[in-house]
Amino acid sequence: MAAAERDSPEQDRQSPETGPGERLALNGMGSFEWDLGDDTLALDQTGMYVFDLEPQEFDGTPLAVGVRIPPEDAGRLRQTVAEVLDSGADSYGAYFTVRRRDGRDQWTHTQGRVLRDGDGQPRRIVGIVRDATAELAQATMLRKLETARAQQTTIVQRTTEALSRAVTVDDVTATLTGAGALERLGADGLALGLVEGGSIKIIALSGESLEILSERRFTRLDGSLPLSQAVLSRQARFVTSLTALGEEFPLLSDYLGRIRYDAAAYLPLIAQAQAIGGLVLFYRRRSEFSPEERNLCLGLAGIVAQSLQRALLFDQEREFATGLQAAMLPRRIPEITGGEIAVRYHSAWSGREVGGDWYDVIALPRDRVGIVVGDVQGHDTHAAAIMGQLRIALRAYAGEGHPPSTVLARASRFLAELDTERFATCMYAQVDLETGGVRAVRAGHLGPLIRHTDGRTGWPNVRGGLPLGLASVFEQEEFPETRLDLVPGETLVLCTDGLVEEPGTAITQGMEALAHAVRSGPQEAGALADHLSDRLWERWGSGDDVALLVLRRAPDPGTHRAPRIHQYIHQADPEGLSEARYALRQALRDWGMPDLADDVELAAGELLVNALLHTDGGAVLTMEVLPEPVRRIRLWVKDRSSVWPRRRTPGEAATTGRGLLLVDALATHWGVESRGDGKAVWCEFDAAGSPRSAG
């Protein structure tokens, strides 16, 4: 007997109508006895039917049985029997095929027992044979069902997991249309619509050729199309002929004729007993929907409906929260003279958990302007409400003309009296754009960033106090002022910590990133604010609110005949001193007076060193051309000290005191003038470069 062992069939086989004898073979079990000594085989009648042999065809040898077994199967069965005989085992079992005379392949199973003599030598094999086609067909069907169930379970799990991370409606559509989404759903195409009033709005399309459906992005909810019919009836519809569907819905027939699909499932999206939309899943090479496949589609529709319902609720809450927050911020920014201001606001993306960040620009008496950024503790609507009250109170105190320190002290007291446990950080500055004077105060907040006219940036040391509210609780309402100078063309940047602070990283890294973005950004305030928004958008996406305010003092280049440059030098800033000297030399070269560069640079260095060493603060350097009556260069060094310099006569061993003597020797004129709360030391050089007596 020759056959091959098989674990399972490759295809299902069904027996046609059979005669009485053959039905016996199909339902019975034949037996055989194989004498290994003389190689003869005894096979009963049922066994003959199993092998589809007529009596005259069987001569009692294994070879006669083997004519019905395909050679490949016969070789495998011979190998199985040989291994059993050689190994000393006493039984075997195998599946093989029998090629019946009507051309059918019949799965057959044999099981044999080896009988050995006293020496362990095999003498005979006795066993059974039976038709196993029905048995294996059922097993195959069960395996297919199990495989299908596993695939469906995987589809549901993967879809549920992907949609669990979707927060907004845009997130849901991105999940359903992104890379691998259709494979995850087990479909070849998708259309998703939301009910809006009396219409269905298609919000997502995915799949080859489905873009043509965007022409019908809005359709009336009147049952004239299969999706609206499914939504109105709340009954899913499974279609295996899109051609027939087009005949039923003429409005859709032209579109269905142009898309490359064979079947579709139109599914209503039901959430909280309401139809909120519809989902269409398109399939290729599908001619039916089994009960399991229908249940899978309905399950997917339920998952999508729940995700959309959560997303719609989130978007509504988000709209409410951001609307409340926007109402608390100033609706417009007042126009200012002598500069430009730009503000930007980015809301945290976490439902109603909005923050209390704010900005404000306040017109003050004597053509000054107050600028504010602040942050109320917490991320909820309560924080936004407190922010609105605090912003209005601070604006009122500033508008009354109080100095910055008093404004923050009163704002702190106001917050403490609101009977809330919240505190707030704040940065407030009064700016005089005519003189460039800045009076800045901090309440636990990040200080300002300044971009100078030469492109450098710096964080000036602005002294600060406790956060608003806490300062009053601890009776430490002291907010010391810091005086800064903003020269023409310089930019002041204020922001809340969401722009520079990220979880797991030091705030200094964020501050350096902001400084780099400011250095590389455009000059205009609005363009710079947009640049910072674009460059730091990923940082803004960290979940915190961000308020940004950019103020730039108008540049003062003078005129073509009388150009001018300005520069601010921080105290103990060697790099700034070097940059100032370079700027002077470059300006004189551009103005056609390079011969004055050495004298002007030397005099400026002496005046700047005096200001930086002997006063408490930095200095503003100005150089301009005075065309009338004689074309000459005037150099100004302004500081905030009211003490006037004295020209001294140092001894031979003295190491200081020669600065003004040197200026007197180099310049044609020099002098000192009072300027606001400080003074300005100036000197002049005529265009010919000839020095004259000091005055």
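Student: Is R413 buried, partly exposed or exposed?

Tutor: This is a predicted model, and the class follows from the relative accessible area: under 20% is buried, over 50% is exposed, and values in between are partly exposed. R413 has a relative accessibility of 36%, so it counts as partly exposed.

Student: With which residue does R413 form a salt bridge?

Tutor: In general, side chains of opposite charge can pair when their charged atoms come close. Here the partner of R413 is E477, and the closest N and O atoms are 2.6 Å apart. R413 belongs to helix α13 (residues 404–416), whereas E477 sits in the loop between α14 (470–473) and β20 (482–485); the pair therefore ties together parts that are 64 residues apart in sequence. E477 is also partly exposed, at a relative accessible area of 25%.

Student: Where in the chain do E208 and R284 lie?

Tutor: E208 is in the loop between β7 (199–206) and β8 (218–220), and R284 is in the loop between β11 (274–283) and α11 (291–328). Their side chains meet in a salt bridge, with an N to O distance of 3.1 Å. The pair links distant parts of the chain, 76 residues apart. E208 is partly exposed at 43% relative accessible area, and R284 is partly exposed at 23%.

Student: How many salt bridges are there by this rule?

Tutor: The count comes to 33 salt bridges. One of them joins the side chains of E512 and R519, at 3.0 Å from N to O. E512 is partly exposed, with 44% relative accessibility, and R519 is partly exposed with 35%. Salt bridges can also share partners: in this way D52, E57, R68, R100 and R101 are joined into one network.

Student: Let us turn to the backbone. What is the phi of D39?

Tutor: As background, most residues other than glycine have a negative phi. D39 has a positive value, near 55 degrees, and is a residue other than glycine. D39 is found in the loop between β1 (29–35) and β2 (40–43). With a relative accessibility of 41%, D39 counts as partly exposed.

Student: Where does R234 lie, and what is its phi?

Tutor: R234 has a positive phi of about 60 degrees, although it is not a glycine. R234 lies in the loop between α8 (226–233) and β9 (237–239). The relative accessible area of R234 is 43%, so the residue is partly exposed.

Note on methods. Residues are numbered from 1 along each chain as its sequence is written. This is a predicted model: local features need pLDDT of at least 70, side-chain atom pairs count only at pLDDT 80 or more; totals for chains, interfaces and linings use all residues. Side-chain values use heavy atoms; hydrogens and water are left out. A salt bridge is a side-chain nitrogen of Lys or Arg within 4 Å of a carboxyl oxygen of Asp or Glu. Helices (H or I, at least four residues) and strands (E, at least two) are DSSP runs, numbered from the N terminus. Buried means under 20% relative accessible area, exposed over 50%, partly exposed in between (1.4 Å probe, protein chains only).
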